[in-house]
Amino acid sequence: MGCPSDRDDRPERAASQTRLRRPGRAERRDSIRNRERIIAAAQAVFQRDGIHAPLDHIASEAGVGSGTLYRHFPDRVELWKSVLTEPLQAHLAAAQAALSAEDPWDGLVAYLTSSCELEASASGYVNLMSTHFEGGSELAVLRTEIQQAIESVVHRAVDAGAVRADLAPEDLLFVVLSTSKVIEVTGAAAPEAWRRNLAFYLDAFRPDAAHPIDVPPLTPRQIMLSLLVPSVRSRRRSRTT
């Protein structure tokens with residue numbers, strides 16, 4: 001049997017060891033701050049270089065080591081969830097709001113305007129809609145819901161005779177794609193110039209003076225290949241540098 005003083009010291013020693021192991025408030029604040037810096041850096045890098053940009057580039061942009069990034073986000077998918085879920089939800093909300101509009105034309109205009117506004121705010125819509133997310137994942141489900149809502153927005157407008165009969169859901173992505181380029185080129189000098197570009201497209205959608213178009217709309221597979229090929233090439237280049 002140990003002496004009383006030994007027994008009395010044990011709780012104190014255990015509490016002391018627990019205090020040593022438990023992160024202090026300053027350490028927790030640093031961890032939260034690092035996580036916020038990583039997310040902000042990922043938003044900037046994804047917008048600039050695409051969402052397949054090397055994670056080391058994000059760590060460098062955030063001013064943290066790669067080990068710190070991986071402690072917060074063990075893989076790319078976890079980082080995607082933190083950065084991309086909100087903009088995907090915003091696009092879904094815009095499409096759903098368009099479907100609730102009383103007039104199908106007004107709904108289509110509202111959806112495209114909202115999408116371009118989100119693109120202007122650096123959400124990277126084209127990147128989001130052209131990226132392969134694992135089937136069944138939260139991001140994949142969100143993107144599928146967006147695609148289905150867009151199809152309903154377009155079909156509703158076509159059925160109502162509000163737009164030309166050959167307008168396809170796939171055409172809307174290229175409206176946003178071209179507008180994205182306008183935003184990139186004119187954003188600093190004329191941040192609202194993209195609205196003029198969109199107005200030209202909307203006038204072209206009207207059925208009144210529509211002319212037959214010999215070239216069919218792209219298939220979903222053609223769109224995916226067209227948008228994914230540049231990012232694949234970019235990843236290959238990054239591996240060789």
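Modeller: A salt bridge here is a side-chain nitrogen of Lys or Arg within 4 Å of a carboxyl oxygen of Asp or Glu. Glu184 and Lys181 form such a pair, with their closest N and O atoms 3.4 Å apart. Before going on, note that this is a predicted model: local features need pLDDT of at least 70, side-chain atom pairs count only at pLDDT 80 or more, and totals for chains, interfaces and linings use all residues. Residues are numbered from 1 along each chain as its sequence is written, and side-chain values use heavy atoms, with hydrogens and water left out.

Biologist: Where do Glu184 and Lys181 lie?

Modeller: Both belong to helix H9 (residues 169–186), 3 residues apart, which is about one turn of the helix. Helices (H or I, at least four residues) and strands (E, at least two) are DSSP runs, numbered from the N terminus.

Biologist: Is Glu184 buried or exposed?

Modeller: Glu184 is exposed, at 58% relative accessible area, whereas Lys181 counts as partly exposed at 46%. Buried means under 20% relative accessible area, exposed over 50%, and partly exposed in between, with a 1.4 Å probe and protein chains only.

Biologist: How many salt bridges does the structure hold?

Modeller: There are 6. One of them joins Arg195 and Glu117 at 3.2 Å, N to O. Arg195 sits in helix H10 (residues 194–205) and Glu117 in helix H6 (residues 104–120), so this pair ties together parts that are 78 residues apart in sequence.

Biologist: Which residues are linked with Arg195 in a network?

Modeller: Glu117 and Glu192 are linked with Arg195 in a network of salt bridges. The side chains of Glu192 and Arg195 meet at 2.4 Å, N to O. As for accessibility, Arg195 is partly exposed at 34%, Glu117 is partly exposed at 35%, and Glu192 is partly exposed at 47%.

Biologist: Turning to the fold, what does the secondary structure come to?

Modeller: The chain has 11 helices and 0 strands. Of its 241 residues, 34% are buried. Taking contacts (heavy atoms within 4.5 Å) between residues at least 6 apart in sequence, 70% join residues at least 24 apart.

Biologist: Which residues touch the most other members of the largest nonpolar core?

Modeller: They are Phe46, Ile58, Leu79, Leu108, Leu112 and Phe205, in a core of 49 residues. At least two core residues come from each of helix H2 (25–49), helix H3 (55–62), helix H5 (76–100), H6, helix H8 (138–159), H9 and H10. Domain 1 (28–74) and domain 2 (84–228) both contribute residues, so the core lies between them. A nonpolar core is a set of buried Ala, Val, Leu, Ile, Met, Phe, Trp, Tyr and Cys residues joined through side-chain atoms within 4.5 Å, and domain bounds come from an automatic or database domain assignment.

Biologist: What does Leu108 touch?

Modeller: Leaving aside residues up to four places away in sequence, Leu108 touches Val153, Val154, Val163, Leu167, Leu172 and Phe205.

Biologist: Finally, which residues does UniProt list for "DNA-binding region"?

Modeller: The unreviewed UniProt entry lists residues 54–73. UniProt positions are given in the numbering used here, feature names are shortened, and annotations may be inferred rather than shown by experiment. In the model, residues 54–73 are 75% helix and 0% strand, with the end C-alpha atoms 13 Å apart.
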